[in-house]
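Here is a short note to read alongside the model. Keep the 3D view open and follow the points in order.

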Amino acid sequence: MGIHQIEMTVNGEPVRADVPARRLLADFLREDLHLTGTKQGCDTGICGACTVLVDGHPVKSCLSLAVMSRGCAVRTVEGLCQGQTLHRLQQSFMRCGGLQCGYCTPGMLMSACALLESNPRPTAEQVRAALGGNLCRCTGYTQIVESVLAAAEATDGD
Ligand code: FES
Ligand code: FES
């Protein structure tokens, strides 16, 4: 199996690494870069726990090879906050009760982040559609949707 040199930015920091062709992006982020905020739940593309942003688009990193992100800007949940200041989505998830377990929440946040960056004022239906690939076996999703809508309102005037 060939080794490939890849370069990308991860949460704004330049990264260069040699990776096997079949190295999953999820494994690369978690094991090589020690960014364990990204979770692996199903490893089959169903649960969304592993969602990260690649050039602004939500990607299930358990289905994506690290080499596929060569030259891209990758963002993980660790990159959401600015220093000690939580991202407005993180704040609204806390405030509105959208905060769930450590497995599903990072992926939910990243999918929601991609949505708000492309559609700053989504409807509840659009939020549900954007989070359609993020599963939680424990919730009715209502507070998660409310959290995303609250974060969208918090962007008003920015
Ligand atoms: S771990 Fe990737 S979708 Fe479940
Ligand atoms: S899977 Fe995270 S709270 Fe249900």
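This is a predicted model: local features need pLDDT of at least 70, side-chain atom pairs count only at pLDDT 80 or more; totals for chains, interfaces and linings use all residues.

1. **A term to start with.**

2. **α2 against α3.** Helix α2 packs on helix α3 (residues 104-118) at an angle of about 125°. Their axes are 10 Å apart. The two helices are therefore oblique to each other. Their crossing is right-handed.

3. **Who touches whom in that pair?** Which residues make the contact of α2 and α3? From α2 come Leu89, Gln90 and Phe93. From α3 come Leu109, Ala112 and Cys113. By class, this contact has 5 nonpolar residues, 1 polar residue and no charged ones.

4. **α2 against α5.** Helix α2 (residues 88-96) also packs with helix α5 (residues 142-154). Here the angle is about 130°, and the axes lie 8 Å apart. This pair is therefore oblique too. Again, α2 passes α5 in a right-handed crossing.

5. **The residues of the second contact.** On the α2 side, the contact is made by Arg88, Leu89, Ser92, Phe93, Arg95 and Cys96. On the α5 side, the residues are Gln143, Glu146, Ser147, Ala150, Ala151 and Ala154. They divide into 6 nonpolar, 3 polar and 3 charged. Look for Leu89 and Phe93 of α2 here; both also take part in the contact with α3.

6. **The whole chain.** How many helices and strands does the protein have? The count is 5 helices and 5 strands. Along the sequence, the pattern reads β-β-α-β-β-β-α-α-α-α.

7. **Overall dimensions.** The C-alpha trace spans about 45 × 35 × 25 Å along its principal axes. For 158 residues, a compact globule would have a radius of gyration near 15 Å. The protein has 15 Å, so the value agrees.

8. **Two domains.** The protein is divided into domain 1 (3-79) and domain 2 (88-154). Their C-alpha centres lie 21 Å apart. The contact takes 16 residues from domain 1 and 14 residues from domain 2.

9. **The domain 1 side.** Which elements give two or more residues to the side of domain 1 that touches domain 2? They are β3 (51-54) and β4 (57-60). The largest share, 3 residues, comes from β3. By class, this side has 8 nonpolar, 7 polar and 1 charged residues.

Note on methods
Residues are numbered from 1 along each chain as its sequence is written. Chains are lettered from A and ligands numbered from 1 in the order in which they are written. Axes are lines fitted to C-alpha atoms, for helices over the stretch in contact, and angles run from 0 to 180 degrees between N-to-C directions. Helices (H or I, at least four residues) and strands (E, at least two) are DSSP runs, numbered from the N terminus. Angles under 35 degrees count as roughly parallel, over 145 as roughly antiparallel, 65 to 115 as roughly perpendicular and the rest as oblique. A crossing is left-handed if the near helix is turned anticlockwise from the far one by less than a right angle, and right-handed if clockwise. Two residues are in contact if their C-beta atoms, placed from the backbone, lie within 7 Å. Ala, Val, Leu, Ile, Met, Phe, Trp, Tyr, Cys and Pro count as nonpolar, Asp, Glu, Lys and Arg as charged, and the others, Gly among them, as polar. Domain bounds come from an automatic or database domain assignment. The radius of gyration is taken over C-alpha atoms; the globule rule is 2.2 Å times the number of residues to the power 0.38.
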